[in-house]
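Colleague: I am new to reading protein models, and I would like to go through one slowly with you. Could you take me from the overall layout down to single side chains?

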Amino acid sequence: MQLKLIVLRTPDQKALVEFYTLLGMVFEYHKHGNSPYHYSAHIGETVLEIYPINKTQTAPDKDLRLGFTIDNFDDALSQIEKLSYKVLAQPSNTEWGYMAIVQDPDGRKIELYKNHSPE
């Protein structure tokens, strides 16, 4: 089994794209079929899509928690702090790796792990 798709719905697509771009994601803006225009980025084999909230939603889902291993850990965390995004847990060694917890513009907790693999 493999995770293929994650869809985040938000009232402010551009703010979410700017945040996730800091982590190293590269987005395309497009639509397919009858879907609304949305942003899409590949994370390995998984696609992360950022859609506008739908008509039945009053707010984005803040309970979804995501974790990413990123190559630009130090730079990303520096930019996150510089742009006044919330850092909920400063970087530290954990049993899962060196990580920090930040908050995306919609309030989701995002675990960031430093990639230690050789490139």
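Modeller: Let us begin with the elements: the protein has two helices and eight strands, and, read from the N terminus on, they follow the order β-α-β-β-β-β-α-β-β-β. Please keep in mind throughout that this is a predicted model.

Colleague: What radius of gyration does the protein have, and how does that agree with a compact globule?

Modeller: A compact globule of 119 residues would have a radius of gyration near 14 Å, and the protein has 15 Å, which agrees. The C-alpha trace spans about 45 × 30 × 25 Å along its principal axes. Of the 119 residues, 39% count as buried, and the accessible surface comes to about 7,600 Å², with 49% of that belonging to carbon and sulfur atoms.

Colleague: Among contacts between residues at least 6 apart in sequence, what share joins residues at least 24 apart?

Modeller: That share is 56% in this protein.

Colleague: How should I read a sheet, and which strands are at its edges?

Modeller: Begin with the strand order, and then look at how each strand pairs with its neighbours. Here an open sheet of four strands has the order β5-β8-β7-β6, and its pairing is mixed. The edge strands are β5 and β6 (87–94), each of which pairs on one side only. From one strand to the next, the twist averages 20 degrees.

Colleague: Where in that sheet can I find each kind of pairing?

Modeller: For the parallel sense, look at β5 and strand β8 (residues 109–114), which are joined by five bridges; within this pair, Gly67 stands opposite Glu111 in β8. For the antiparallel sense, look at β6 and strand β7 (residues 97–103), which also pair over five bridges, and there Asn93 has Tyr98 in β7 as its bridge partner.

Colleague: How many salt bridges does the structure hold, and how do I read one?

Modeller: Side chains of opposite charge can pair when their charged atoms come close. The structure holds four salt bridges. In one of them, the side chains of Glu111 and Arg65 meet at 2.9 Å, N to O. This pair links distant parts of the chain, since Glu111 is in strand β8 and Arg65 is in the loop between β4 and β5, 46 residues apart. Glu111 is buried, with a relative accessible area of 18%, while Arg65, at 42%, counts as partly exposed.

Colleague: Which residue forms a salt bridge with Asp74?

Modeller: The partner is Lys114, and the closest N and O atoms are 3.0 Å apart. This pair too links distant parts of the chain, with Asp74 in helix α2 (residues 73–82) and Lys114 in strand β8, 40 residues apart. Asp74 has a relative accessible area of 45% and is partly exposed, and Lys114, at 26%, also counts as partly exposed.

Colleague: Which residues do salt bridges that share partners join into one network?

Modeller: Look at Asp104 and Arg108, whose side chains meet in a salt bridge (3.0 Å, N to O). Asp104 is buried, with a relative accessible area of 3%, and Arg108, at 1%, counts as buried as well. Salt bridges that share partners join Asp104, Asp106 and Arg108 into one network.

Note on methods: Residues are numbered from 1 along each chain as its sequence is written. This is a predicted model: local features need pLDDT of at least 70, side-chain atom pairs count only at pLDDT 80 or more; totals for chains, interfaces and linings use all residues. Side-chain values use heavy atoms; hydrogens and water are left out. Two strands pair if DSSP finds at least two bridges between them. Axes are lines fitted to C-alpha atoms, for helices over the stretch in contact, and angles run from 0 to 180 degrees between N-to-C directions. The radius of gyration is taken over C-alpha atoms; the globule rule is 2.2 Å times the number of residues to the power 0.38. Buried means under 20% relative accessible area, exposed over 50%, partly exposed in between (1.4 Å probe, protein chains only). Contact means heavy atoms within 4.5 Å. Accessible areas come from the Shrake-Rupley method with a 1.4 Å probe; for residues, only the protein chains shown count as cover.
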